[in-house]
Amino acid sequence: MVNMLIMGKPGAGKGTLASKLLEHYRLAHISTGNIYREEIAKGSAIGQEAQKYISQGELVPDDMTNGIVYDILKNHPMPHGFMLDGYPRTKAQAIALDEMLHTLSIKLDVVINMDVDDELLMIRMADRRVCPKCGATYNVTTKPPKTAGVCDVCGTLLIQRADDSEESVKNRLRIYNRATRPLLGYYEKTDLLMTVDGALPTLTVFYEIVSKLDGINRGHH
Ligand code: ADP
Ligand code: ZN
């Protein structure tokens, strides 16, 4: 059983690594971004409130996000542990999370930070393409379609996602640097921080994390 946080700049490639870890450790996935997307799709009160912020590229207010996470930690059975993904995103959220974990007697084992150079990030985002019809994703350098600019699956012309535009990526990086980066220092002090190199292949990073975590667990038992 392991309880982890996963952090990283927007576009750092957290998604692929997260899914490998979730499967390997059979963790409950608590992704605040996914939760908000589901609530918006349902048209719930929470979704409608959150959308005001999300559509502006801003963070949803801390009280709302903290409340959602507390509810899940308290009521959701997680026999193999959990992965918090996209939360905490501010120092106030990190402090609120500490209080929740304390109240619920839950121990956090590790904070994984995927570190990627801003420049590499900008290049990666600029290389991403998506099919507007079927949703298939490509990358012009690492995963190009068979015919340049055309979807392999359905033949539609590929586009760049609106939030992969240079302006949007820069804005998300600005928010990250202002609100989220300070969390790294916060977790460094608690000795929980494990920084991994996001420029390496996902599998390499995955095995590094697993061997470190298994080492830690062996030490404890
Ligand atoms: P990204 O699209 O940057 O990967 P997510 O999918 O995690 O981000 O979240 C989408 C949006 O949901 C964020 O831009 C933000 O508006 C909102 N959101 C998600 N998690 C949080 C959080 N912990 N605190 C505040 N807002 C959040
Ligand atoms: Zn397609």
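In this predicted model, the secondary structure of the protein chain consists of nine helices and seven strands. The radius of gyration of the protein chain is 18 Å, close to the 17 Å that the globule rule gives for 221 residues, so the chain is as compact as a globular protein of that length. Of the contacts in the protein chain with a separation of 6 or more, 69% are made by residues 24 or more positions apart, and buried residues make up 41% of the 221 residues. The C-alpha trace, taken along its principal axes, spans about 55 × 40 × 30 Å.

Two packed helices are described by the angle between their axes and the distance between the axes. For helix α5 and helix α8, the axes come within 9 Å and cross at roughly 30°. The residues that meet in this pair are set out below.

| Helix | Residue range | Residues in the contact |
|---|---|---|
| α5 | residues 91-103 | Lys-91, Ala-94, Ile-95, Leu-97 and Asp-98 |
| α8 | residues 182-189 | Leu-183, Tyr-186 and Tyr-187 |

Sorted by class, the contact of α5 with α8 has six nonpolar residues and two charged residues, with no polar ones.

Asp-127 is buried and yet has no salt bridge, since a salt bridge requires a side-chain nitrogen of Lys or Arg within 4 Å of a carboxyl oxygen of Asp or Glu, whereas the nearest side chain of opposite charge, Arg-129, is 5.7 Å away from Asp-127. Leaving aside its neighbours within four places in sequence, Asp-127 is in contact with Tyr-138, Asn-139, Val-140 and Thr-141.

Key:
Residues numbered from 1 in each chain as written. Chains lettered and ligands numbered in written order. Predicted model: local features only at pLDDT ≥ 70, side-chain atom pairs only at ≥ 80, totals over all residues. Heavy atoms only, no water. Axes fitted to C-alpha atoms, helices over the stretch in contact; angles between N-to-C directions. Helix = DSSP H or I, 4+ residues; strand = E, 2+ residues; numbered from the N terminus. Contact = heavy atoms within 4.5 Å. Nonpolar A, V, L, I, M, F, W, Y, C, P; charged D, E, K, R; others polar. Buried < 20%, exposed > 50% of the residue type's maximum accessible area, 1.4 Å probe, protein only. Lys, Arg positive; Asp, Glu negative; His and termini not counted. Rg over C-alpha atoms; globule rule 2.2 N^0.38 Å.
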